[in-house]
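Please open the model in the viewer and follow the selections below in order.

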Amino acid sequence: MNMDQEPQQPPKPPAPPVANANIAPGVNQPMPADLITVCATCGSAVPKYYTFCPNCGKSLNAKPLSTSTFTMIWMYGVSVFLPPLGLWPGIKYFKSEDPKAQRIGMIAILLTIASTLITVWLSYALVQNYVNQLNGILQGTGITPQQATGGLF
Ligand SMILES: [Zn+2]
C-alpha cells in the first residue's frame, strides 16, 4: 500500500483560551502597551492588573492612581478641612509616576500645610481673644489670668 501523504500539514490547533490572569508576560502574547507595566523592582514586563510581580513577587504599586475630578475634590477637601489627613494621600500621589497625580499630590500637600497654618493661627487668635476676655472679667478682682488658668496663658 502506497498512500500519498497529505501534502499540507494540518494546521496547528489554536492555543486553548487562557484566562487573562494566567498569561505569562512576554510569551508569544503581544499585549497592547497600555496594558503592560514594568516592575520597578526587577524590570520585567507585567500586565497592569497584577498586584504583585509574578517574577520577583514585589508589590507592583502600579495600580494607576485616580486623577478624576472627584478624586481631586475629595483630596483637596480632606487637605483643607481635615488636616493633616490629606498628607498621606498627598504624599502617595506626589511620589507616583504620573505627572498629573504628582501635581494633585503637591497641591494636596500645599493645601494641608496652608490649612494647618490657618488652623494654628485661628487657634492662636482664639486663645488671644479668650485671654483678653478673661482679662476684662478679672479686671478689678485682683486675680491675674495666669492664676485663673493655672499658668496656662
Ligand atoms: Zn518584579
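Helices (H or I, at least four residues) and strands (E, at least two) are DSSP runs, numbered from the N terminus. This is a predicted model, in which local features need pLDDT of at least 70, side-chain atom pairs count only at pLDDT 80 or more, and totals for chains, interfaces and linings use all residues. Residues are numbered from 1 along each chain as its sequence is written.

Begin with Pro84, which is found in the loop between α1 and α2 (87-94). The peptide bond that joins Pro83 to Pro84 is cis, with omega near 5°. Most peptide bonds, by contrast, are trans.

Next, select α1 (residues 69-81) together with α3 (residues 99-138): the two pack at an angle of about 25°, and their axes are 7 Å apart. Axes are lines fitted to C-alpha atoms, for helices over the stretch in contact, and angles run from 0 to 180 degrees between N-to-C directions. α1 is therefore roughly parallel to α3 (angles under 35 degrees count as roughly parallel, over 145 as roughly antiparallel, 65 to 115 as roughly perpendicular and the rest as oblique). On the α1 side, show Met72, Met75, Tyr76, Ser79 and Val80; on the α3 side, the contact is made by Ile104, Ile107, Ala108, Leu111, Thr112 and Ser115. Here, residues are in contact if their C-beta atoms, placed from the backbone, lie within 7 Å.

Residues to display in their contact include Ile91 and Phe94 of α2, and Gly105 and Ile109 of α3.

Note on methods:
Contact = placed C-beta atoms within 7 Å.
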